[in-house]
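Subject: Structure for you to look over

Dear colleague,

Please find the structure below.

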2 protein chains.
Amino acid sequence: MATPSWLDVPEGSHFSLANIPFGIISPPDSTERHAAVAVGSHVLDLAIFSAENGFAALESFSAHANNAFSLPVLNYFAALGRAVHREVRSYLRSMFLQDSPHAQILKNNESLRRRCLFRLDDVRTHVPMSIGDYTDFYAGANHAYNVGVLFRGANNALQPNYTHLPVGYHGRASSIVISGTPVRRPWGQVLQNAASDPKEPTFRPCAKLDFELELAAFVCTANPLGQPVTLAQAEENIFGYVLMNDWSARDVQAWEYVPLGPFGSKNFATTISPWIILADALEPFRAKGLENKSRLSPYLVPSRADTALDIDLQVDLTTTAGHRTTITCTNAKNLLWSFPQMLTHHTITGCPLNVGDLLGSGTISGSTPGSQGSLLEQNRNGTAAIELRGEEQRLFLQDGDTITITGCCGTSAGSRDLVGFGSCRGTIEAALLKTH
Amino acid sequence: MATPSWLDVPEGSHFSLANIPFGIISPPDSTERHAAVAVGSHVLDLAIFSAENGFAALESFSAHANNAFSLPVLNYFAALGRAVHREVRSYLRSMFLQDSPHAQILKNNESLRRRCLFRLDDVRTHVPMSIGDYTDFYAGANHAYNVGVLFRGANNALQPNYTHLPVGYHGRASSIVISGTPVRRPWGQVLQNAASDPKEPTFRPCAKLDFELELAAFVCTANPLGQPVTLAQAEENIFGYVLMNDWSARDVQAWEYVPLGPFGSKNFATTISPWIILADALEPFRAKGLENKSRLSPYLVPSRADTALDIDLQVDLTTTAGHRTTITCTNAKNLLWSFPQMLTHHTITGCPLNVGDLLGSGTISGSTPGSQGSLLEQNRNGTAAIELRGEEQRLFLQDGDTITITGCCGTSAGSRDLVGFGSCRGTIEAALLKTH
C-alpha cells in the first residue's frame, strides 16, 4: 500500500511521496524558469509557492525560501547543504500526506493550488543547475572490462591503474542538455581504412553513433583550491542524482583519442534527466557495489560497505516506425567506485569543486548479454547487430532513433512507494548537410 | 621612437600605446572588481571612467559603456564583438596620444585622472573572464615530438592523428588562477616502482612538479549547439590572448592518464596572465606557424599562411635564494595549428562554445636545447638536471621555486612600441602535511 496522499499519486509513479525530486520548470504558458518538485503526475512550483509564503510554517527555512527558489537554477538551494535539503524535502512531503497537519496548506486552498500546482505534462523542464565543470568517470568496471576485451583482449582488458583510482576525465559542460533535446549527428574525422599507411582520415558525419547509460551526481558544497575533501565529507557534498546519456561518436573517438582522451566524440551532447533525486531519498537504497580487491590508497578506503545505489536501470530504443525495444536492463550497483570516492579523488590534488558541478559515473553495464550500457558492447565493436521489434536491426544509432533511459528504486522489491528518476530521452537528428 | 604620449610610458614597457590590453583590477584600497586597460605603468579604471561619462565622445559605444564595464568580468564587453573592441581600443589609445583631440579628456582633467588612473603597482589583478569551459590543445608540435621521443622513441613520436587534427582535451575551468596565486604541490598516486607486478601505486606529494609554457585565447562569440564555426568566422570569435602555465604533476600523470587522458595531474592549478591582449593588437605580428604537410580535412584548410603569432616567449625560474635563471626562450610560432583552427575543430561536432571560454595552445617548445617549454623535455624525463644560477640544479620544481613566463611582440624587431603580455607567475608552496 502506497503512502496515502490527498493528491492522486498513480500506482507505479516514479515520484511517490518517498521521492520528492527537485527540478527547474517553465510553468504552463510561461517562459520563466522556476524551481519545482515533482509529486505523482504533478509539480509544485516552488518559486510561486515560496512567494506566496508557503514556507511560513517551516520557520528554520522561511527566511531563505525566496532566495533559494526565485532563481532559474537550484544552485542556491543546493548550497544550503544536506541538512536543509532534508528539512525542506520532509516539509514538502508532509504537505502532500493524507493526514499531516501540513496537509491543509495546499489541500484546503484551491486558489493557491491553482497558482502553483501544475500537471507534469503541462510544464517544460530545464537543466536544473548552473554547471561550472562536468567530469565523467569510468567507474563501470564491467563496461571498462567489456571495452578493454574488444580493444586489447581479455588479459589486458583493464589498465593497471583501474582498480587503484577512479579513472575520469574532464567533460564538456556547455553541451549538457535536458531530456527531450534533439541530438544532431555530429561530423568528424574518422579512419575508414585502418590499414592505410600513412593513415588518412575521412571527414564525414559520424557512422557509429552510440549512447552510454550513466548515473550522475550534482555537487552541493564547494571546496577551496588546495583543500581536498575527505571521503566522510564527500557524502555531505553530494546534492542528488540524475540519469545521464553520454552520447558517443565511436568512429570519431577511435581516431582522435590518443594520447589525451575523448574530445569531439563526446562534446556534441550529453543528456540528463530533469529531476534531481536528493541524496537523502536514495539512502534507503544503499547497497554494495562491485568488489575491489586492490589495496586502496588511504584516502579512498570507505568506512562502510554499502556505498553503491540499488537503482534498476533500463534503456529502450524506439525507431521512427514507433517500435520500442528494451535493449538494456542493469543496475547502478555495477560500479567499482562510489560517488563519494569519485568526489574525493577529484579533489585529492586540491582541485576545487563548485556547487552545481556534475560528476558522471561512466557507462554502467552488467556482465551478461542484454545488460550492457552501450551499443559498442552489445554489437561487439560493430560486428553483431542487435535485433529490434518491427524486424529491424541495429549496429549503431540511425537518424530518428530515440534512446530512453529510465531508472527506479524499489521496483524489484515490489514497493508501492517508488523512488524513480523518470526518463532521460533523446532523438537523433540527421547530420547537417555541410559544415562550412 | 615610441609613439608620444602625455602619460609617461617607460621604454621597454609591454603596455605601449600599440597594445591597450584589457583586464580586471581591484583599485587601490578596494575589494571591488573593475574593468581596466593597462598603459605603461598605469591602469585606467574603466568602471569609474565610464560611470564618469568618459565614453561620451565615442557615440557608437557610449550607450553600452556602463553595461560593458560595470561588471566584475569582461564577458559582456567581449560579447560585443571585434568591431566594437577595435573602436574602443582605438578611442582609449587616442586619449593617451600626445596630440590627439581626445587627449584633453584625461590629460586636462586632474580630478578625473585621480579617480580612475592608478599605478599598475597599486592595483590587484583578477581572472578577467567568467570561464565556462576550458580546453587545452596540444598544438606545440615540437613539444609533442619531444615528449613522444621520450616515451615512444623517434619513429613513433607523433600519433597518426597528430597532423590531421588539433588534438585537445577538456581541462578544468575551476582551478584557473591569476598570475601571482601560489600553487600548492598536489598529492596523488604515483608508481614509484614501475617494475612491480602487480603495479602498486604510492600515495604521496607529487615529486615531479613541472610547468608548461602556453598561449591561450578567450572566446568572444558563442555558437549554438549543433552549429559548427567556419575557419573564416573563427577569427572573429577570438577576443584576445593571455600567457598560460599549465602546471603538471608528471608522476601523477604517468600513472593516471590511460586511457582517458590527464586528470588530477593537471587540475590542481592553471595560471594565466592578467592582461588580455586583444586580437587586433596582435594583427601586426601575424606570422607563419610550423609547416603541416598533411592533406587537411576541408574545414581545417586556412585561407592565408600567416595564422600564427610572432611572440617571443621566455620562462624564468627563481629560487628561494632569489637567483633567477632564464630556462626557456622560444616563440609562439612553434604551433602546428592556429587558434582559429583549434576553435573550428572544437565546434565541428556542433559543440557550443560560450563567451569567456578559454582555449590553450598546449606546450610551446622550440626544437633546440633551452627552447623547450617544460622541464620534462629539458631534463629528458628526469635524467639530466638543468643548471641554475646560484649553483643549484633542478630536475623538477622545488617548494619555493617561482616560474615566471613572459611574452612580448616586437622586441626582436627593435620596436619602441611593444605589444607585450606582462608576466604569468606562480610560486610553489609545500604540499599539505596530510590530506585526511
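The notes start with conventions and then go through the findings by topic.

This is a predicted model, in which local features need pLDDT of at least 70 and side-chain atom pairs count only at pLDDT 80 or more, while totals for chains, interfaces and linings use all residues. Residues are numbered from 1 along each chain as its sequence is written, chains are lettered from A and ligands numbered from 1 in the order in which they are written, and side-chain values use heavy atoms, with hydrogens and water left out.

Pockets

Grid points are joined across faces, edges and corners, and a volume is the space filled by probe spheres set on the points.

The largest pocket holds about 1100 Å³ of space. It is lined by 44 residues, of which A:Phe151, A:Gln253, A:Ala254, A:Tyr257 and A:Val258 are the closest to its centre. In chain A, β6 (134-137), α7 (141-152) and α9 (250-256) each supply at least two residues of this lining; helices (H or I, at least four residues) and strands (E, at least two) are DSSP runs, numbered from the N terminus. The lining of the largest pocket divides into 21 nonpolar, 11 polar and 12 charged residues, where Ala, Val, Leu, Ile, Met, Phe, Trp, Tyr, Cys and Pro count as nonpolar, Asp, Glu, Lys and Arg as charged, and the others, Gly among them, as polar.

The second largest pocket has a volume of about 790 Å³. Of its 35 lining residues, B:Phe151, B:Arg250, B:Gln253, B:Ala254 and B:Tyr257 are the closest to the centre. Two or more residues of the lining come from each of β6 (134-137), α7 (141-152) and α9 (250-256) of chain B, and α9(B) gives the most, with 5 residues. By class, there are 17 nonpolar, 7 polar and 11 charged residues in this lining.

Salt bridges

A salt bridge here is a side-chain nitrogen of Lys or Arg within 4 Å of a carboxyl oxygen of Asp or Glu. The count over all chains is 40.

B:Asp280 and B:Arg86 form one of them, at 3.1 Å from N to O. B:Asp280 lies in helix α10 (residues 279-282) and B:Arg86 in helix α4 (residues 82-96), both of chain B, so the pair ties together parts that are 194 residues apart in sequence. B:Asp280 is buried, at 13% relative accessible area, and B:Arg86 is partly exposed, at 38% (buried means under 20%, exposed over 50%, partly exposed in between, with a 1.4 Å probe and protein chains only).

B:Arg114 and B:Glu110 also pair, with the closest N and O atoms 3.1 Å apart. They sit 4 residues apart in helix α6 (residues 110-116) of chain B, which means about one helical turn between them. B:Arg114 is exposed at 59%, whereas B:Glu110 is partly exposed at 48%.

For B:Arg304 and B:Asp306 the N to O distance is 2.7 Å. Both count as partly exposed, B:Arg304 at 38% and B:Asp306 at 23%. In chain A, salt bridges that share partners join A:Arg82, A:Arg86, A:Glu235, A:Asp280, A:Glu283 and A:Arg286 into one network.

Interface

Contact (heavy atoms within 4.5 Å) links 63 residues of chain B with 63 residues of chain A. The buried area, that is, the accessible area (1.4 Å probe) that two parts lose on being put together, summed over both, is about 5900 Å², and carbon and sulfur atoms give 62% of it. On the chain B side, B:His170, B:Leu260 and B:Phe263 lose the most area to chain A, together 14% of what that side buries. There are 6 salt bridges across the interface. A:Arg295 and B:Glu200 form a salt bridge with closest N and O atoms 3.8 Å apart.

Cavities

The structure holds 9 cavities of 30 Å³ or more. The largest cavity has about 150 Å³ of space. Among its 14 lining residues, B:Glu235, B:Tyr241, B:Glu283, B:Arg286 and B:Leu309 are the closest to its centre.

Regards

Technical notes:
On a 1 Å grid over the protein atoms alone, a cavity is a set of points where a 1.4 Å probe fits but cannot get out, and a pocket is an open set with protein on both sides within 12 Å along at least five of seven lines; lining residues have an atom within 4 Å of a point.
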